[in-house]
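Here's a quick briefing to read alongside the model. Have the sequence and the 3D view open as you go.

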Amino acid sequence: MAEYDYVIVGAGSAGCVLANRLTADPSVSVLLIEAGASDRTMNVRIPAAFSKLFKTKRDWDYNTEPEPHLDGRSLYIPRGKMLGGSSSMNAMIYIRGNRADYDGWAERGAKGWGYDDVLPYFRRAENNERGADAYHGTGGPLNVADLGFPNPVTQSFVDGGAEVGIPKNSDFNGPHQEGMGLYQVTQKRGQRWSASKGYLRPILKRPNLTVRTEALARRVVVSHGRATAVEYDRQGETILARARREVILSGGAINSPQLLMLSGIGSADQLRAHGIDVLVDNPNVGAHLQDHPFVLMSWETSAKGTLAEAEKPLSLGRYLLTNTGLLSSNIGEGGGFFRSSDDLDAPDLQFHFAPAFFQEHGFATHTGPALSIGPTLVAPASRGSVTLRSADPAAAARISTNVFDDPADLAALMVGVEKALEITKTSALRELVGTPLRPGPELGASRAELEAWVKKSVELVYHPTCTARMGDEASAVVDPELRVHGIDGLRVVDASVMPTVTRGNTNAPTIMIAEKAADLILGRG
């Protein structure tokens, strides 16, 4: 049995950060276990190619159970299965969320996680190419850049948003989140800059770090109330890795609660149903799942130079030689944050705009130039769950997001849909907007028809969170230091610990959580 000070399960956004920060002390040994393989492939490197990774061996390729409020439809949930995790497969949008998110966490019992508490960790992680200020850092492992070649039609969309009353905002991560603008991205010199690229690859030669890929964790071994080891399968062998100090789960909002349950930590009734001995009866494990529902609306466009031309030989050659041009686009180039109602304290809606036809997660095709607007609900009231399908670690968990369980969510998202339609009629955009593709021209403009289309078309924007949330022992899975209630020597560090989902894309907050966790683990928090 090999021994390490820390055993980290999952080399995604959080696991890469922890591996870097914990091994900075040469006297500390770390084992990092990853179920997937390398992230060295062209479709990881090329920003515009991210959806080509979907449903490949680098994707966990999850799907929800039939959703009760969507006429039994199942929703696709891609999750990165490789070094860097989903940061190696996302659209690279750098959004931290809203001050109200973190202050809300603190008010709900996550002491030490208010906005002023977490801002230093965002800054520490960051190398923002715009330079340092009160909100941004330089010199950190995570490179944050402006898009090198934003499409002109994306700027037209931003201008259209301003026409309908959403003010322009050049920095969604500065003093105010609300407004319209171009997104900053986790890229460097036109290439994806994942957590693997920024945090893990520079330290792979540290003698106190061991990385095991294609290693599937089976369970956390608990002895006398303390996590002491991780059992995992690799190359046909079951291996036991002992943790002298702590076991840290960084598998994400689906895999971390699944592994907790496989280890005997979860709802007693559910565990017993699968023949698993109950160590801690905690029904919050896997509960409270949140994600951001969105719909993508697409139109033909007369705009020139859209991403319809990105895969032509000229574009591909340009990118391979210079890392520039259309293929350096992250697809979702611009957007904005706004409120469905004036009486809200913070934005509950976000736009994702693409100068492309992007439907069905990139699997649908359209031959001509197009543009797409994705109204997204970023403060949903509905809650879902992750539960066991079986006691076999290789069996995918059961996932139900329960989208639109709360009718207020559909009502709010409809405001976003109607605002998108309003923007297409502005002077900035109307001459560029042609025949509607999704929803098509056969659909009337009545709210009832649009609402039916939204329920038929809504998807998830790849931000599962909250399934091992922070809080007190009665209502949560981990405490504010991310220690699992009821078990010593075990922490969860990933997006699952969020008490509520942040308003916006969740990669930057996940990296922040791991930065702060490293200080907590090392006694500096």
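**Helix 11 and its packing**

The buried residues of helix 11 pack against strand 19 (297-301), helix 10 (407-424) and strand 25 (433-438). Buried means under 20% relative accessible area, exposed over 50% and partly exposed in between, with a 1.4 Å probe and protein chains only; helices (H or I, at least four residues) and strands (E, at least two) are DSSP runs, numbered from the N terminus. This is a predicted model, where local features need pLDDT of at least 70 and side-chain atom pairs count only at pLDDT 80 or more, while totals for chains, interfaces and linings use all residues. Residues are numbered from 1 along each chain as its sequence is written, and side-chain values use heavy atoms, leaving out hydrogens and water.

- Helix 11 spans residues 447-457, and its buried residues are Leu450, Trp453 and Val454.
- Down the helix 11 axis, they fall within an arc of 105 degrees (from directions of the axis to the C-beta atoms), so they line one face.
- Ala448 and Lys456 are exposed on the face turned away from that buried side.

- Beyond neighbours within four places in sequence, Leu490 is in contact (heavy atoms within 4.5 Å) with residues including Val220, Leu260 and Arg483.
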